[in-house]
Amino acid sequence: MTRHLLFALSSMALLAASGEQFRPTFHFSPAKNWTNDPNGAVYYRGEYHLFYQYNPFGDVWGHMSWGHAVSKDLLHWNHLPVALAEENGAMIFSGSVVVDPNTSGFCIASPDCLIAIYTAHTPAFQTQHIAVSNDLGRTWKKYAANPVIDLGMKDFRDPKVFRHADKWVMVVAIPLEQKVRFFASTDLKKWDALSDFGPQGAINGAWECPDLFPLPFFGGSGNSKWVLSVNVNPGAPAGGSGNQYFIGEFDGKNFRNSNSADVKLWADWGKDFYASTSFSDVPRKDGRRIWIAWFSNWLYAREEPTTPFRGIMTIPRTLSLRQTKDGLRLAQTPVAELSKLRRRKIEMHGVTIAQANRRLDRFASKAYELQTDLSNASLLLRVGPEGEQTLVGFESDNLFMDRTHSGNVGFNKEFPGIHRAPCLPRNVRVLVDSSSVEIFAGNGEVVMSDRIFPGLRSTGLQFKGVPSARISFTLWILAGK
Ligand code: FRU
């Protein structure tokens, strides 16, 4: 064996042992330790800020604080120190950040500043608190007169605040009653209750991390509706945690569901999409509604086989509403910035599966984007020498992803499985990263996100089907950090 080969093999073994092999190349991950929900997503003075539920002291849930990172393109993140830390036995649970044009009176020497609105958690109570930053989010001061809302409740959390007409509106979860409550404020300090929504839709789990925003119909008709997103745990279609949403009207006081109360709409049919939150204050000229979610599931998050970090975020996605044969649906597409990561391209049109597979025989990558049509074929992703593979395809009118043989699936019995989504369009856009697969079908109206933990040598890609069947595909290797 040459020295070079020996070196390559031993560094592979080291990488495998370190768990770093699963560190994503184009998804957010904390440098080390545990994360769950994304928090406080906001755009301010040229930077996207991502805060996130973070344990500064370990790689399982605990000591919840807000980790912090900034990015200019939603893909390359610079890690910053913890923004809000657990203090006096109160953990910092999920919440949001807004750009305040000094309605609070807290902005010093500048016409605006950042205000964080979050849940302070103690074993007995959850209350809503605020904190201010006057230095581009780098340091934060908790408001001396916190809490700003205290209902004396044990479960009352995850405030999301947005500007509506001339006031602030907060949507916050009352998880165990399957309700969200709306509040209004003029100064972010004094809040008045407006109304409740729920229980409706999926009500078998706790309601957490709500969000509410207007969303235009795709195609520029000028029409729009309000989307109320409510994460629910458990009760999602793939099991455990997931995101449901309601489409309706919001008049500044009440949300009215346009569908009947028993209609359940799911944003993502995979098992790993939870606690989604949309970016606040994205420039008006841009006009995008972008959201991001925790790429995991409470069923097994604490056992995911990665180290020294545990927990990553999904690709940020641009949202729109699209008319489908079943009615209006949320559509998601990876943010346009992703195309800047495209490097080497492989493209084949109207070839047989046999020809495509010969071309892909020596393909080896852990980070790529693939666009294809799965009418005549299924996809085998992250194929390895020991039979590892993640299978993606259609079965009657269902899109499915089978991760039962995807690699390390034994860390929790809830992890292996086949996930399905009703789906008529057969064209898919697939994002593969070191430990994840995201599928956007049609125009993004059906999405499926799943983590996978394949071996280091499982980097192959093949089409599966009748060898003479015809397919087309375009594939780009995506650049790493
Ligand atoms: C959702 C959640 C939130 C809570 C946070 C605590 O995943 O349970 O409701 O604020 O995580 O880390």
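Student: Hi! Which domains does the chain have?
Tutor: The assignment, which is automatic or from a database, gives domain 1 (31-334) and domain 2 (340-478). Residues are numbered from 1 along each chain as its sequence is written. The model is predicted, so local features need pLDDT of at least 70 and side-chain atom pairs count only at pLDDT 80 or more, while totals for chains, interfaces and linings use all residues; side-chain values use heavy atoms, with hydrogens and water left out.

Student: How many residues does each domain bring to the contact?
Tutor: Domain 1 gives 29 residues and domain 2 gives 29 residues, where contact means heavy atoms within 4.5 Å.

Student: And what area is buried there?
Tutor: About 2400 Å², with 62% from carbon and sulfur atoms. Buried area is the accessible area (1.4 Å probe) that two parts lose on being put together, summed over both. In domain 1, Trp269, Phe295 and Pro334 lose the most area to domain 2, together 24% of what that side buries.

Student: New topic: how many salt bridges cross the interface?
Tutor: Four, by a rule that asks for a side-chain nitrogen of Lys or Arg within 4 Å of a carboxyl oxygen of Asp or Glu.

Student: Which residue does Arg451 form a salt bridge with?
Tutor: Its partner is Glu304, and their closest N and O atoms are 3.3 Å apart.

Student: Nice, thanks!
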